[in-house]
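Q: I would like to learn how to read a protein model, one feature at a time. Could you take me through this one?

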Amino acid sequence: YEHIIIQEHVHGDEIRIYVLDDNVIAATNRLPANVIGDGRSTVTQLINEKNQQRKSVPHLYFRPIIIDARLRNVIERQGYTLDTILKKGERLFVREVSNISTGGDPVDVTDQLTDEQRKIAIAATKAIPGLVHCGVDMIVPEDSKSGVILEVNTRPGIGSHLFPIEGTARDIPKELIDFY
């Protein structure tokens, strides 16, 4: 090939940062679909329980963890099956991709962002002329005060910020109304 592009692979947490008018309003860590053991339930039972919990969250109602071949492969590579009983408090990731629509968990991390991460997200937004608000996807390596931009979303989807599984809900609609 005459020309190639090489991109560094960065390991870390995938964070969606909502930026409005040079301000970081919210940040959500998107954990891959997972279950936490109780010492008595199988992985299948834990998935079913988690899906029932997800139905109580408007943003997650139609986004269950689906048991399919890919899920089975992910857990088998970790030495588990759907019949495994996890120890109490043991977390098992049943997907590799941190996608909310495949059962991932939105966890609010707004207050944990560093000043550097905030500056990077705002700079990414400013790099697109006329963009006032967006969702900036950033990979944050473990123990890093910085981050690497994955993409900038002009249609950011605010549901994860409004309805996190853990942490504080962020009132983005209020911020948008006040801004406009």
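**Reading the sheet and its surroundings**

A: Let us start with a strand pair: S1 and S2 are joined by six bridges and run antiparallel. Two strands count as paired if DSSP finds at least two bridges between them. Helices (H or I, at least four residues) and strands (E, at least two) are DSSP runs, numbered from the N terminus. Please keep in mind that this is a predicted model, where local features need pLDDT of at least 70, side-chain atom pairs count only at pLDDT 80 or more, and totals for chains, interfaces and linings use all residues. Residues are numbered from 1 along each chain as its sequence is written, and side-chain values use heavy atoms, with hydrogens and water left out.

Q: Which residue stands opposite Arg16 in S2?

A: In general, strands of a sheet pair through backbone hydrogen bonds, either parallel or antiparallel. Here Arg16 faces Thr28 in S2.

Q: How many residues lie between S1 and S2 in their hairpin?

A: There are two residues between these strands, and Asp21 sits in the turn.

Q: What should I notice about the phi of Asp21?

A: Most residues other than glycine have a negative phi, and most peptide bonds are trans. Asp21, though not a glycine, has a positive phi near 50 degrees. This residue belongs to the loop between S1 and S2 and is partly exposed, with a relative accessible area of 38%. For such labels, buried means under 20% relative accessible area, exposed over 50%, and partly exposed in between (1.4 Å probe, protein chains only). Asp143 also has a positive phi, of about 60 degrees, without being a glycine. Asp143 is in the loop between S6 and S7 and is exposed, at 79% relative accessible area.

Q: In what order do the five strands of the open sheet run?

A: The order is S5-S2-S1-S6-S7, with antiparallel pairing. Strand S5 (105–108) and strand S7 (148–153) each have a single partner strand, so one side of each edge strand has no neighbour in the sheet. From one strand to the next, the twist averages 30 degrees. For angles like this, axes are lines fitted to C-alpha atoms, for helices over the stretch in contact, and the angles run from 0 to 180 degrees between N-to-C directions.

Q: Which helix packs on the sheet?

A: Helix H5 (residues 172–179) does, touching strand S1 (13–20), strand S2 (23–31) and S6. The direction of H5 makes about 30 degrees with that of S1. Contact means heavy atoms within 4.5 Å.

Q: How many bridges link S1 and S6?

A: Eight bridges link them, in the antiparallel sense.

Q: Why is S1 described as largely enclosed?

A: Seven of its eight residues are buried, so the rest of the structure encloses most of S1.

Q: Are Ser41 and Thr42 buried or exposed?

A: Ser41 is buried, with a relative accessible area of 6%, and Thr42 is buried at 17%. Ser41 is located in the loop between strand S3 (34–36) and helix H1 (43–54); Thr42 is in the loop between S3 and H1 too. Beyond neighbours within four places in sequence, Ser41 contacts Leu46, Glu49, Thr84, Ile85 and Leu86. With those neighbours set aside as well, Thr42 contacts Leu82, Asp83, Thr84 and Ile85.

Q: Which residues make the nonpolar surface patch?

A: Tyr1, Ile4 and Ile6 make a patch of about 510 Å². Ile6 is in the segment before S1 and counts as exposed at 73% relative accessibility. Patches consist of residues with over 30% relative accessible area and no salt bridge, nonpolar side chains (Val, Leu, Ile, Met, Phe, Trp, Tyr) being joined within 5 Å and like charges within 9 Å. A salt bridge is a side-chain nitrogen of Lys or Arg within 4 Å of a carboxyl oxygen of Asp or Glu. Accessible areas come from the Shrake-Rupley method with a 1.4 Å probe; for residues, only the protein chains shown count as cover.

Q: How many helices and strands does the protein chain have?

A: The protein chain has five helices and seven strands. Buried residues account for 43% of its 180 residues.
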